[in-house]
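Try each task yourself before you read its solution.

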Amino acid sequence: MTDARFRRSMLCLPASNAKALAKLAILECDATIYDLEDAVAPDMKAAAREALIGHFAAGAKAGVEHIIRINALTSPWGEADLEAVAQCRPDAVLVPKVESAADLSEVAARLDKAGVNGTRLMAMIETPKGVLNAAAIAEAHAPRLAALIVGLNDLRKETKVPRGPDRRVLVPWLMQVVLAARAYGVSPIDAVSNDFRDLSAFDAECAEGRAMGFDGKMLIHPAQIEPANRRFGPSEEEIAAARKIVAAFDAPEAQGQGAINIDGEMVERLHLEEARKLLARVSS
Ligand code: COA
Ligand code: MG
């Protein structure tokens, strides 16, 4: 089962950006992804690690999932990134360009060796092999693997699907990642939207991501937090509908019934289970 934690808004920021790090205190995202990888220039990698160690030492914000995105272990920076992770002890390490279960096994083994076994794993699925092997990756690493995050900038580059707002041709790959994640109780997370000024397009993309079954979205700008929380979170209508289902099954006439009629719609006990989970989640 996917864990109960909300991952509606997972805000990424370059760990080298002091202003962005300071801003986190007032932002209401569910998760923060401190990037050491592509958002940090090669000559800033060391400074970014130092800034991150300082940020965690000062006490990372409570109630937020803290994730560090490292460089690949095959890059010149991966080893030093893992040393920084051992000092910061984030909730999870996000590994870029994961293409096989083995790519994550190596990171997991290194974390264990450094005594950081409470830190979970997350994988960027952003290459053709990553999409093709998403199920094997999730199967091998759940439940330590908490999320599969789609990376469309890299995937478009690798597959030569041109950039653009229309994601229609990408839907089969996006759904493949959702399916792989759900099969093993891992959170599927939708890709970033680069155009952070066009919030109405972003809102529509969040709605599309929710419709595809994603738990949330990776974000790049504070303005994207509110629409992501709203679109991926249960709406007032969904909460009211869940309450109605629970009340209807609690009624004496529903006892012993597997399926009941609520306002002309068939509702089954599997919907009751879903409704109870939703209510437990919003009240926790
Ligand atoms: N996290 C936290 N704060 C952020 C932020 C982020 N990702 N992006 C912007 N901010 C802050 C800015 O520091 C600024 O703070 P201020 O109000 O104290 O001045 C405020 O939000 C408004 O920012 P704005 O001026 O609109 O944008 P910008 O030009 O400073 O930054 C980007 C634009 C794209 C460079 C920046 O949003 C960014 O680096 N995003 C993340 C990129 C990333 O992580 N990529 C890798 C994953 S794909
Ligand atoms: Mg990438």
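## Exercise 1: A histidine in a helix

H141 sits in helix α6, which spans residues 134-141; helices are DSSP runs (H or I, at least four residues; strands are E, at least two), numbered from the N terminus. The model is predicted, so local features need pLDDT of at least 70 and side-chain atom pairs pLDDT 80 or more, while totals for chains, interfaces and linings use all residues. Residues are numbered from 1 along each chain, chains are lettered from A and ligands numbered from 1 in written order, and side-chain values use heavy atoms, without hydrogens and water.

**Task.** Find out whether H141 is buried or exposed, and which residues it touches.

**Solution.** 
1. The relative accessible area of H141 is 12%. Buried means under 20%, exposed over 50%, partly exposed in between (1.4 Å probe, protein chains only), so H141 is buried.
2. Leaving out residues up to four places away in sequence, H141 touches A101, L104, S105 and L121 (heavy atoms within 4.5 Å).
3. With A101, the side chain of H141 reaches the backbone oxygen at 2.8 Å.

## Exercise 2: Around ligand 1

**Task.** Work out which element gives the most to the shell around ligand 1.

**Solution.** 
1. Ligand 1 is surrounded by 17 residues (a heavy atom within 4 Å).
2. Both β1 (9-14) and α1 (18-23) supply at least two shell residues each.
3. β1 gives the most, with four residues.
4. A backbone N or O atom of C12 lies 2.8 Å from a nitrogen atom of ligand 1.

Conventions:
Polar contact = N/O pair within 3.5 Å; in protein donor to acceptor, adjacent residues only side chain to side chain.
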